[in-house]
Amino acid sequence: MSENVQTLLKETRKFQPPLAESVGFEKWHVESLDEYKKLHERSIQHPDTFWAEEAQRLSWFKHWDHVLDWNPPDAKWFVGGKLNACYNCVDRHVQSGHGDECALVWEGEPVNPRTNHPAPGSAYAHEPEIRRVTYRELEEQTSRIGNALKELGVQKGDVVTVYMPMVPELAIALLACARIGAAHSVIFGGFAPHAISERAIDANSKVIITADGGFRRGEIVPLQKNVEEAVKQLAEKDHHINHVLVLKRTGHEHPKFEGGTVPASLKAADPKAKTKFHWWHEIAERVSSACPCESMDSEDMLFLLYTSGSTGKPKGIVHTTGGYLTFVNTSARLTFNLVPDTSQLFWCSADIGWITGHSYVLYGLLSNRIPSLLYEGAPNFPDNGRFWDIISRHKVTQFYTAPTAIRTFMKWGTEWPDKYNMSSLSVLGSVGEPINPEAWIWYHETIGKKRCPIVDTYWQTETGGHVVTPLPGATPTKPGSCTLPMVGIDAAIVNEAGEELGANKGGLFVIRKPWPGMLRGVYGNRERFISNYWGRIKDPKTGTPFYFSADGARRDEDGYFWVQGRVDDVIKVSGHLLGTMEVESALVSHAAVAEAAVVGVPHEIKGSGIVAFVTLKSAWAKANPGRQPDDKLRAELTSHVAKEVGALAKPDQIRFAESLPKTRSGKIMRRLLRDVAAGVEKITQDTTTLEDFSVVAKLRADEE
């Protein structure tokens, strides 16, 4: 991307951070922009001193010899230090007298009719399953499951595959792995058997932890059945799973097995099958509740997490113990103003199967001794008010969700959140992709009631935690901008030669210096680690490689970052490069549009043409009875984009859709939309992360 991305969309709104007491805090951790700038400068100029102070917030079995070994692109943080992630999230809180405090608040998806009146704040009568887990209970349960894994042959350094619903036992499973020194590899419970087998082979995993099923939109997701199918596929590839540990969650009829045996359904398919299945509750009851935390080197692997690319097999991103835990502890505390011994309850709506769940449902929260809320199911079960009902009943203080969810909430209308008292909220967060300014404003006004700061966080699986984000008490915010770098992050916008670009010049987002949460490799694939992240952009003076995010962005005159999406989501129109995010934001700012995705297609005159896929707000349809998504509306939207961005950005085609193809983490799969727009007959790309393939089929059918 040697030319500048056009940055014609103008966003001039700016919101000052509120006073701490106005949102229920005694004070902010960072209370002014000047204080942030001094803190950030110190973290960049004196990283060893800064990160040593941050690491001291954790408990170490052995102090490190020195803070950093940097041999680009390889970093070792807190060299020689020994610690344990489970100990830092659980045991030390018990030992310091906080064992009876709540660590996890969990709500299941299924609801049952109440026998009494609805609880205060609830707009409809239902009685969900709720559990509260203390640190003392976590200590016992992680010890039991740690011993269970040892009984099944898991040793320090092994990788355990985890495929579970969002239940407390998922957190327990991960912490139990960390407790005994085994790395966990979590696979999102919405994935199919092929994704399980593919990742288990790559990780050389011999043990899988799962559940009989989970609940999603009132239906049972057959997790154990999927694992059985994956085990068959693995056996065909000569990779054998020794044991599967199964939590009884749904109790549905299929599939059945006797604890410690090969399921009959698996035996019928393969008489030589040797994989033994064990009930979680049976094995947990018979093993000891005493299991000391393993002393881990700071650079020992804590977990693998697989990310999908547009081509090739998924990448197993490696994160290690000391640096990762330090970084998520710091970033969680500062970004969300976490303060233990107060009434805070943090809810990140992401599944633990994604990096957001690892960092900001589990490790970043529990290491700070802040209770974390887990919800098992969908935001629209039994109706579209479920999220707001949860916030109201549990008195959530920090809420962290994705732009795609926010746009969906917008589509459903304000009548749903308006039913609930959400005055407990103090900080709102956004994660997963750039947020359109109009979605930001809706979130600010409808959910935050114009008083809660919004932290629009930019980061990746590979970065471990936030790399660009506002701090809620310090950073003035601009809708659509993730604002300023996290402490310790030396971020820049550069060209292909690694030269830093001036204000409002679109370029490549890089990080120029190491940080503790950075990935340590791609599991089993050194070449991919270097080529994907370190092989493209270098320091023009020293030749030192920069970490390249594969995202395009710009930095404005205030130093604020505006992420414009993946570099392959940039469209070249008549010799000018346009960021898809800018065109999408213009479309979403129209009163009729709930969500938009923009892709490029070949154009014989302009090089690339712009195709926009648009979903409409239900509120617009109600306000305009009889109005259809027709050519008149297309012309109206085209003119709106021209007005907001410029004539260059006018879509050549606008296609109306009921929904857009998304990954299970909520990101729009624009590469599939490119195939649809180009009329590709057969999609050959990796679709394992696609939530609902029927969406693509419907888009293609509509076009035909």
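Start with helix 10 (residues 321–336) and helix 11: their axes come within 9 Å and cross at roughly 90°. Axes here are lines fitted to C-alpha atoms, for helices over the stretch in contact, with angles from 0 to 180 degrees between N-to-C directions. So helix 10 is roughly perpendicular to helix 11, a label for 65 to 115 degrees. Helices (H or I, at least four residues) and strands (E, at least two) are DSSP runs, numbered from the N terminus.

Who touches whom? Helix 10 brings Tyr324, Leu325, Val328, Ser331, Ala332 and Phe336; helix 11 brings His358, Ser359, Tyr360, Tyr363 and Gly364. Contact means heavy atoms within 4.5 Å.

A word on the source. This is a predicted model: local features need pLDDT of at least 70, side-chain atom pairs count only at pLDDT 80 or more, and totals for chains, interfaces and linings use all residues. Residues are numbered from 1 along each chain as its sequence is written, and side-chain values use heavy atoms, leaving out hydrogens and water.

Eight strands form an open, mixed sheet, in the order 13-12-9-7-8-15-16-24. Pairing takes at least two DSSP bridges between two strands. Strand 13 (276–279) and strand 24 (521–522) are the edges; each has a single partner strand, so one side of each lacks a neighbour in the sheet.

Further in, strand 8 (residues 183–186) runs parallel to strand 15 (residues 301–307), joined by two bridges. His184 has Phe303 of strand 15 as its bridge partner. Helix 11 (residues 355–366) packs on the sheet here, touching strands 8 and 15, and its direction makes about 140° with that of strand 15.

Note on methods
Angles under 35 degrees count as roughly parallel, over 145 as roughly antiparallel, 65 to 115 as roughly perpendicular and the rest as oblique.
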